[in-house]
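Please open the model in your viewer and keep the selection tool at hand. Each stop below names what to select and then says what is there.

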Amino acid sequence: MKTVSLNKYVDTVVILDQTQLPGKETYLYLTTPEDVWEAIYHLKVRGAPAIGIAAAYGIYACIQQVKTSSYPVFLEEFQKIKNYLATSRPTAVNLTAALDRMEKVVVSNPQKNIPEIKQLLRMEADAIREEDAIACRQIGKNGLSLLRSGMGILTHCNAGHLAVSEYGTALAPIYLGEEKGYGFKVFADETRPLLQGARLTMYELQKAGVDVTLICDNMASSVMQKGWVQAVLVGCDRIAVNGDVANKIGTSGVAILAKYYGIPFYVLGPTTTIDYSCPNGKSIAIEERKAEEVTEMWYTHRMAPTDSKVFNPSFDVTSHTLITAIITEKGIIYPPFEIGLRKIYS
Ligand code: MRU
């Protein structure tokens, strides 16, 4: 099961349509900038690293249709597609980071001919995917070093295989632990309003044979109070230099609960998710999505009066003061986060 890949014979991005899960495993084939933009915006491909990989393969696939031997024309067309794809979702830094990385290939090779640049772009997109897979495996190992057999683990949203290249970030230690017989008991928050926990985390952990129990978001306190949770593992969409973290809406509430109950709260993510230009959580743009996701999506009939005023932020910022550690492929960072995050950069 591949979340996002490139069909190299026809230069088409292939994604597993996550909006159809868990009911149907449908693969979509994306060739135009509009296809890729729409797939990212509608969360057919989602999760910070997966969005970055989709954008990298996406821009590679789309630029194949530009038939020119002129470098300035090629660069202009490339940047048009890049700027358009960058508007699909604002919060996950991986999207713009991957697009910037692809652009650098074009900008730094003006002496090469267009077929050669296209070849380099494909290699760069492959590298973005491969580096993510390696990072996720290492995050799994680093994360597992903090966990013990039989622990109860709560997770929010989906930061598993579906959200990345392979393994996941927050779910990587769980997969690795499962392989080693740790026997974790996982609680998956359903994650209103788009139900990434209920639809995706349940789907992939069940499929892997993990002991996983679905709870509504408002039940997290209850399972913590009962002593069933010994660690919280979540992913991230953007890490600011002071250690504030943007992740799926509801994450900050879980962090506050974990602090109250004295449960370690771990954020897991690749170093590609650190935004060194972002000093703190206040500078992170939070995506707001359509009201219908709250009022009627997933219901057989609408659940809120028509014309209800709705606030639907897709992410929230968890203060660094609530985070026990940030687990990356390059190591585990403890407070004060700014020092550890800068050390990783250097
Ligand atoms: O809106 P989504 O489903 O893309 O949000 C995803 C998350 O918030 C994940 O936790 C995050 O991207 C980390 S994925 C490894």
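The tour of this predicted model goes from helices to a loop residue and then to cysteines.

Begin by selecting helix α1, residues 33-41. Before leaving α1, select Leu-43, which follows the helix and has a positive phi, near 65°.

Helix α2 spans residues 48-63 and helix α4 spans residues 93-107, and the two pack with their axes 7 Å apart at an angle of about 30°. Because that angle is under the 35 degrees used as the limit, α2 counts as roughly parallel to α4.

From α2, select Ala-48, Pro-49, Ile-51, Gly-52, Ala-55, Ala-56, Ile-59 and Tyr-60, which meet Asn-94, Leu-95, Ala-98, Leu-99 and Met-102 of α4. Coloured by class, this contact of α2 with α4 shows 11 nonpolar residues and 2 polar ones, with no charged residues.

For the next stop, select Asp-275, in the loop that lies between β10 (265-268) and α10 (292-295). Is Asp-275 buried or exposed? With a relative accessible area of 9%, Asp-275 is buried. To see what surrounds this residue, leave aside its neighbours within four places in sequence and select Val-93, Arg-238, Ile-239, Ala-240 and Val-241, with which Asp-275 is in contact.

Finally, select the cysteines. How many disulfides does a search of the whole structure find? The search returns 0 disulfides. Cys-136, for instance, takes part in no disulfide, and the nearest cysteine sulfur to it, belonging to Cys-236, is 10 Å away. Cys-136 also counts as buried, since its relative accessibility is 0%. Moving to Cys-278, you again find a residue that is in no disulfide, and here the nearest cysteine sulfur is that of Cys-236, 12 Å away. Cys-278 has a relative accessibility of 3%, so it counts as buried.

Terms used: Residues numbered from 1 in each chain as written. Predicted model: local features only at pLDDT ≥ 70, side-chain atom pairs only at ≥ 80, totals over all residues. Heavy atoms only, no water. Axes fitted to C-alpha atoms, helices over the stretch in contact; angles between N-to-C directions. Helix = DSSP H or I, 4+ residues; strand = E, 2+ residues; numbered from the N terminus. Parallel < 35°, antiparallel > 145°, perpendicular 65-115°, else oblique. Contact = heavy atoms within 4.5 Å. Nonpolar A, V, L, I, M, F, W, Y, C, P; charged D, E, K, R; others polar. Disulfide = S-S within 2.5 Å. Buried < 20%, exposed > 50% of the residue type's maximum accessible area, 1.4 Å probe, protein only.
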